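Colleague: Hello! Could you take me through this one and tell me what stands behind each label?

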Amino acid sequence: MKNLLTTVLFSFLTLSSVLSNEKEIVRVETNDLSMIFTAETDGKIVYHYWGEKVNNITPVLDRRFKNQPDTNDELVPQLYPAYGGRYYLNPALKLTHEDGVLTTDLVYVGSKTKVLDSNRTETVISLKDKIYPVFVDVKFIAFRAENIISQSVSITHQEKKGIQVENIASAYIPLHAESYYLTHFNGTWAAEMQMEEEMLTHGVKVIESKKGVRTTQSENPSFILSLNAKAQEDSGDVYAGCLAWSGNYKLSFELDETGSLNILGGMNPFAALYNLKASEKIETPEMILTYSNRGKGQITRNFHDWARKYSLAHGDELRPILLNSWEGAYFSFNEKTLTDMMDDAAGFGVEMFVLDDGWFGNKYPRNGDNAGLGDWQVNKTKLPRGINYLADYAVNKGLKFGIWIEPEMVNPDSELAKKHPEWIVKSGKRDILPMRNQWLLDLSNPKVQDFVFNTFDEVLAMSSNISYVKWDANRHVDNAGSDYLAKNEQSHFWYEYVKGLYSVYDRIRAKYPDVMIQLCSSGGGRLDYGALKYHDEFWASDNTNALDRIYIQYATNTFFPAIATGSHVSTSPNHQTGMIIPIKFRFDVAMSGRLGLELQPKDIVGDDHGFAKKAIETYKQIRPIVQFGDLYRLVSPYDVNSWASHMYVSKDKKQSVFFAYSLKYHGRTTYFDTRLKGLNPDKNYKVTEINSRSGHSSFNGNGKVFSGDYLMKIGVNLNIGNPFDSAVLLITEQ
Ligand code: DGJ
């Protein structure tokens, strides 16, 4: 019996290796990375490899016998595993055919590669069910220089009665290693993006949102997956992904019995069954992927380069320093309050004034968060001369002007809610549950899409001097349901809401390509690359407390660049935490992102006034390095020592700016030292402390010249041991 088995197996292996010569190999490649798929002779397409670039891949091993010689090929990682056959893990695709059949068996049809431009190549791998007319295209775009690959999937069919799509992931990634460490980012309002790392054990770890809107407030759809050890900054195998989708999502990490990790990422299938008609197509969001064999620092730089070029509006333009009115005025202002703020802002060297919430509503004036949302007409009592007057005033002061809107939302106390109850998201006859005293408009409805677009359009028409819009969204979905969608399409709501939102964004960007738009959703509740590509920047958190911001921004900047990270100096004691923090520390934290002010400028008094003015001037000097430079993380606030430090290095390595913060009392004899990164070892650099408070430097080499080699091997030490001590160094090639 044993012999027979050996003979059979041997002949199968021989046959298989002969056939393997005929395998078609599909490669998706960037400058340094390869994804390799092999189309097998049985029609399957195997996920062969994802990682550092492989130049010579012949002969291609047949992976089907690797782990389970006595079972069939279904255990081999497929490019896109569907539920059916022997596939028992969570599938990328699950659908029910018109005849009730629950399974799908995808085979390879062919692949097409198109050069989009000198940096981007698109590859589409087409699959088809063996029996049913169901067609799946898996699309990759390889961004060569940035070492980013985006992956998305579309499905169509010709089954007459339609199919029910229960789950359609954007990407499946199989990995095999000794152990796996997952870094992910959880949070809550005012404490978004808290970084956590854990070793995965057998079973399924899921990161997801079912909130529909404001989905990234409690978890971001991003991950870092490190093989065999915790993720290091500058060494080790690390994979990373960000789902570009502003709706419900699910990322799952399934460690199976073979020791393989099966990663799936895409829209959340929860309560989201989609009845797909023969003429229709579902397109999944893109999963943005990268890999580094030099640790997560390189992962970050890949995402930042890619975002500035491809997924951020005006990613090649410096951002203005702004004063936002929210924490300085909240809802209580009149014309004079605002023009005074503008006068003061201009005096500080600020470049833009943004009028936050509270400027609209007449029958239901917006004097608090309980009324007026939806009625986007200027409040005549507060602002009798309208927005035009304020915007002109700003421009005459040399400031740009921005304005806040929250067009997806409505207060029950508003003219809009009375006029269009059918536009409100609701679950049949159940109560509509308010959140922050507001309801959600149903963006799956084209009329609501028109309303939201028209709101933006009409607000912009209030003045030709509006350069910036802050787009807020302060609740998520509960009791989901739509008066617009048919009875059997209620579960389409999650998908159609986001598609509706994106179609509004598309219309807005077509008409207003130059307007700066901030992505805000109670702070960082909508921080994903699906929305971000329409925006210039995001508001990472409503928590402006500098200490908390260090943690939030450190984690946020893992994927999202400083140029887009609205980072504001607010007053002390801080409004969210009550914490008292010196102005230098507050500036030093805010200056490592897109600097702004979030306060009543009149509250900056005494010596702080001169310091703030000088700090704003200093930021203008370092702004190109912060906003366009490469980020190198030096010391994590999440580590035990309670210091944090990072630096930005200009692309030509001629200039760098370094930040270090002390987060607690370290004892009199303890000092902070760190090695720098990213400089040219063969060049000399002058190191100067900037933004110092007293003229006294915490760096004993202040003003001296060191080689890049010295700074990167021996490093700098700083006398910053007290809570809220901080230092900023400017490092300039000589
Ligand atoms: C939440 C935002 O995050 C804040 O910055 C502010 O705009 C308020 N909404 C206004 O209601």
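Modeller: Gladly. A residue is near a molecule or strand if one of its heavy atoms lies within 4 Å of it. By that rule 13 residues are around the ligand, and D356, D357, K470, D472 and D542 come nearest. This is a predicted model, where local features need pLDDT of at least 70 and side-chain atom pairs count only at pLDDT 80 or more, while totals for chains, interfaces and linings use all residues. Residues are numbered from 1 along each chain as its sequence is written, and side-chain values use heavy atoms, with hydrogens and water left out.

Colleague: Why is the pair R693 and D608 called a salt bridge?

Modeller: The term asks for a side-chain nitrogen of Lys or Arg within 4 Å of a carboxyl oxygen of Asp or Glu. R693 and D608 meet at 2.8 Å, N to O, so they pass. The count between domain 2 and domain 3 is one salt bridge, whereas the whole structure has 38.

Colleague: How do you know where domain 2 and domain 3 lie?

Modeller: From the domain assignment of the protein (bounds from an automatic or database assignment): domain 2 is 322-406 + 444-475 + 499-627, and domain 3 is 632-733.

Colleague: And how do you know that domain 2 and domain 3 are in contact?

Modeller: Contact means heavy atoms within 4.5 Å, and 30 residues of domain 2 meet that test with 27 residues of domain 3. Together these domains bury about 2400 Å², 66% of it on carbon and sulfur atoms; buried area is the accessible area (1.4 Å probe) that two parts lose on being put together, summed over both. In domain 2, Y551, Y554 and I625 lose the most area to domain 3, together 30% of what that side buries.

Colleague: Which residues pair up in the K44 salt bridge?

Modeller: K44 and D105, at 2.6 Å, N to O.
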